[in-house]
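Please look over this model with me. My notes follow as numbered points.

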Amino acid sequence: MDVAVNARRGAEIETDALVVNLFEGEKPGEGALSELDQAVGGGLSRLVDLGELRGKLHEVAAFIPDVAS
């Protein structure tokens, strides 16, 4: 397994797994994550809306986009 740190926008990176940060109170549909959220069909925003992702310290949430769409 190769691990790389990259400063490119998440929606531009082809990878099997991508780790991104979301701070408490931040909305993925706004700011730096908005392009990535759009690329995954608003899935990150849905996690926030459902309370599955709040951006709290040590919180981890997994999101697997529907790659068939």
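In which segment does His58 lie? His58 belongs to the segment after α2. The notes start from there.

1. Basis. This is a predicted model, with pLDDT of at least 70 needed for local features and 80 or more for side-chain atom pairs, while totals for chains, interfaces and linings use all residues. Numbering runs from 1 along each chain as its sequence is written, and side-chain values use heavy atoms, with hydrogens and water left out.

2. His58. Its phi is positive, about 70°, although His58 is not a glycine. Most residues other than glycine have a negative phi. His58 counts as exposed, at 73% relative accessibility. The classes are buried (under 20% relative accessible area), exposed (over 50%) and partly exposed in between, with a 1.4 Å probe and protein chains only.

3. Glu30. This residue sits in the segment before α1. Glu30 is exposed, with 52% relative accessibility. From Glu30 to His58 is 28 residues in sequence, and 22 Å in space, C-alpha to C-alpha.

4. Overall fold. The protein chain has two helices and zero strands. Both terms refer to DSSP runs, numbered from the N terminus: helices are H or I with at least four residues, strands E with at least two. The C-alpha atoms fill a box of roughly 30 × 30 × 20 Å along the principal axes. Buried residues are 22% of the 69 in the protein chain.

5. Core. What makes up the largest nonpolar core? Seven residues do: Leu22, Leu33, Leu36, Leu44, Leu47, Val48 and Leu53. Helix α2 gives the most to this core, with three residues. A nonpolar core here is a set of buried Ala, Val, Leu, Ile, Met, Phe, Trp, Tyr and Cys residues joined through side-chain atoms within 4.5 Å. Leu53 touches Leu22, Leu47, Val48, Glu59 and Ala61, leaving out residues up to four places away in sequence. Contact means heavy atoms within 4.5 Å.

6. Ser45. This residue is in helix α2. Is Ser45 buried or exposed? Ser45 counts as buried because its relative accessible area is 19%. Beyond its neighbours within four places in sequence, Ser45 is in contact with Pro28, Gly29 and Asp37.

7. Largest pocket. It holds about 900 Å³ of space. Its lining has 32 residues, and Leu18, Val19, Val20, Leu44 and Phe63 are the closest to its centre. Helices α1 (34-39) and α2 (43-49) each supply at least two lining residues. By class, the lining has 24 nonpolar, five polar and three charged residues. Nonpolar covers Ala, Val, Leu, Ile, Met, Phe, Trp, Tyr, Cys and Pro; charged covers Asp, Glu, Lys and Arg; the others, Gly among them, are polar. On a 1 Å grid over the protein atoms alone, a pocket is an open set of points where a 1.4 Å probe fits, with protein on both sides within 12 Å along at least five of seven lines; lining residues have an atom within 4 Å of a point. Volume is the space filled by probe spheres set on the points, which are joined across faces, edges and corners.

8. Second largest pocket. Its volume is about 630 Å³. Of its 24 lining residues, Ala4, Ile13, Ala17, Leu18 and Val19 lie nearest its centre. The lining divides into 14 nonpolar, four polar and six charged residues.
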